[in-house]
Amino acid sequence: MSLKAFHVLFVTASVLLAAWFSWYELSRYTDTKAAMDLWLGVGSGVTGAGLVAYGIYFLKKLKNISYL
Amino acid sequence: MEIPYTAKPRPDTGLYNAKLGIWLFLASEVMLFGGLFSSYILLRVGADLWPHGMLSIPIGTFNTFVLIASSVTVVMAWASLKLGNPGKFKAYMAATILCALGFLSVKSYEYYVKFTHYDVWFKDDATAEKYFKAAYGEKGTEETRKQFVERFHLHNTKATYDPAQIQLAGHIEGNPLCTNLKKLVGAKQETIKFTPDAPLGSHEHPHAIEVKLSDVQRLSSYVPAHSTFFAIYFTITALHGLHVLGGAIVLAYFLLTVDKWWKKAPEQFTNRIEVGGLFWHFVDLVWIFLFPIIYLL
């Protein structure tokens with residue numbers, strides 16, 4: 001597996017973590033009403049969306065490099 | 001003698017040798033960290049009490065973000081070489097190393113905070129209640145109990161709420177690193193000034209109280225010997241930190257020798273960066289699992 005393929009795997013794992021963490025923090029926010037939980041939840045969601053966009057850009061940029 | 005297959009793939013494996021080597025090495029790393037993750041799970045499910053919320057989520061989140069960013073920059077460094085641009089490689093690799101140093105600095109700060117934060121257990125119920133009231137006023141026992149329940153609320157299967165088992169958490173005056181009852185008594189100290197943690201839902205610390213060491217049964221900072229949680233936390237995160245440090249040293253070597261290697265053997269150098277990047281991604285992937293397991297769940 002090349003670095004390209006491993007990077008795609010890593011970005012996928014990061015997107016999943018960001019999405020789950022966003023849900024986790026926003027759920028906490030409904031209980032605690034703490035601003036930090038809201039910021040972390042929103043920030044994590046935005047980061048996850050950013051990572052999806054980056055992943056698409058990355059695949060386009062390195063389309064000529066093998067996955068092996 | 002020239003080492004074969006450093007640039008071109010071997011016909012039988014379809015890989016250049018270093019790539020096969022790094023994947024064999026990473027397989028052994030998976031077993032190492034897999035063993036530690038399994039230990040964590042077994043210790044946790046077998047524990048009567050398991051603390052929750054002992055680590056700072058914002059700090060852990062920041063470090064997670066730093067490591068994800070470093071994976072992006074390391075892969076961009078490799079892509080720059082693939083596209084024949086060693087200048088951009090230098091910028092991306094320097095950013096990766098800065099991220100690694102940032103991660104380690106934040107982790108060191110987290111360790112420092114733990115090494116200067118203490119729990120005190122008292123000799124008997126009456127003594128414990130006396131200090132709880134000194135710390136938090138008339139409702140001191142109730143407040144300390146609340147903190148105890150909050151710390152263990154997710155995994156509190158056999159909590160007795162016996163005051164002598166409930167610890168008072170806070171800081172010792174002067175913020176000594178990793179001290180304990182034996183060391184303090186050995187230094188002929190009879191009392192300590194102790195600032196208890198803020199009550200639940202507040203950020204205001206109570207006034208410091210004087211604690212007689214003769215009333216104390218156990219005193220420990222948040223070091224591996226404090227509890228099973230901190231033992232496994234420090235074992236896994238310190239091992240991970242060593243991997244970050246080792247990876248950063250190797251990547252820094254690549255950054256410092258790029259000009260020489262790029263002139264001599266550009267294809268082989270690009271492959272070396274790929275191998276370094278694979279290791280770096282593995283280390284970051286370990287953190288992607290560590291962060292939710294240790295900080296959140």
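How many residue pairs are in polar contact between chain A and chain B? The count is 4, with both residues at pLDDT 80 or more; a polar contact is a pair of N or O atoms within 3.5 Å, where one must be able to donate a hydrogen and the other to accept it.

Welcome to a predicted model, in which local features need pLDDT of at least 70 and side-chain atom pairs count only at pLDDT 80 or more, while totals for interfaces use all residues. Residues are numbered from 1 along each chain, chains are lettered from A, and side-chain values use heavy atoms.

Here is the interface at a glance:

| Item | Value |
|---|---|
| Residues of chain A in contact with chain B | 27 residues |
| Residues of chain B in contact with chain A | 29 residues |
| Area buried between chain A and chain B | about 2500 Å² |

Contact means heavy atoms within 4.5 Å, and buried area is the accessible area (1.4 Å probe) that two parts lose on being put together, summed over both. Carbon and sulfur atoms carry 85% of the buried area. In chain A, the residues that lose the most area to chain B are A:L3, A:F6 and A:F10, together 29% of what that side buries.

Notes
Polar contact = N/O pair within 3.5 Å; in protein donor to acceptor, adjacent residues only side chain to side chain.
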